[in-house]
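Q: Could we go through this model together, starting with the helix ends and then moving on to charges and surface?

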Amino acid sequence: MAKEVTYHIINNRIPLSLRLPERVVTPIDEYAALNHINRTEAVLHFLELGLEAERRQNEAASLDSLQSKVDEILGILKTR
């Protein structure tokens with residue numbers, strides 16, 4: 001019989017265990033100490049920054065692609 005896995009979610013958060021290099025953890029711990037927050041909050045802060053940066057990069061690429069298509073269409077219309 002398979003063992004059922006349950007997760008204890010606190011404030012809509014899912015527990016996660018990571019093994020990170022010290023070079024990554026040290027600045028996170030420093031940030032946490034400077035901002036009087038715990039390590040989890042600091043990790044979450046940097047994860048959210050990274051996710052937002054990724055979203056912005058994808059958004060910028062989409063806008064660049066759209067601008068390129070608009071420029072192409074305007075070029076075609078000008079030659080008619």
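**Helix ends, charges and surface**

A: N38 caps the N-terminal end of α2, with a side-chain oxygen 3.1 Å from the backbone nitrogen of T40; a polar contact here is a pair of N or O atoms within 3.5 Å, and within protein one must be able to donate a hydrogen and the other to accept it, while residues adjacent in sequence count only if both atoms are side-chain atoms. This is a predicted model, in which local features need pLDDT of at least 70 and side-chain atom pairs count only at pLDDT 80 or more, whereas totals for chains, interfaces and linings use all residues. Residues are numbered from 1 along each chain as its sequence is written, and side-chain values use heavy atoms, with hydrogens and water left out.

Q: How many helices and strands does the protein have?
A: The secondary structure comes to two helices and zero strands, where helices (H or I, at least four residues) and strands (E, at least two) are DSSP runs numbered from the N terminus.

Q: What span should α2 have, and how far apart are its end C-alpha atoms?
A: The 40 residues of α2 should span 58 Å at 1.5 Å a residue, and its end C-alpha atoms are 58 Å apart, which agrees; the expected span is 1.5 Å times one less than the number of residues.

Q: Switching to charges, what does R39 pair with?
A: R39 forms a salt bridge with D29, the closest N and O atoms being 2.7 Å apart (a side-chain nitrogen of Lys or Arg within 4 Å of a carboxyl oxygen of Asp or Glu). The pair links distant parts of the chain, 10 residues apart, with R39 in helix α2 and D29 in helix α1 (residues 22–34).

Q: And which residue does E59 meet?
A: E59 meets R55 in a salt bridge at 3.0 Å, N to O, and both lie in helix α2, four residues apart, about one turn of the helix. Salt bridges that share partners join E52, R55, R56 and E59 into one network.

Q: Which residues form the nonpolar patch on the surface?
A: The patch consists of L63, L66, V70, I73, L74 and L77, with about 550 Å² of accessible area together. Patch residues have over 30% relative accessible area and no salt bridge, like charges being joined within 9 Å and nonpolar side chains (Val, Leu, Ile, Met, Phe, Trp, Tyr) within 5 Å; areas come from the Shrake-Rupley method with a 1.4 Å probe, and for residues only the protein chains shown count as cover.

Q: Is L63 buried or exposed?
A: L63 is exposed, at a relative accessible area of 51%, given that buried means under 20%, exposed over 50% and partly exposed in between (1.4 Å probe, protein chains only).
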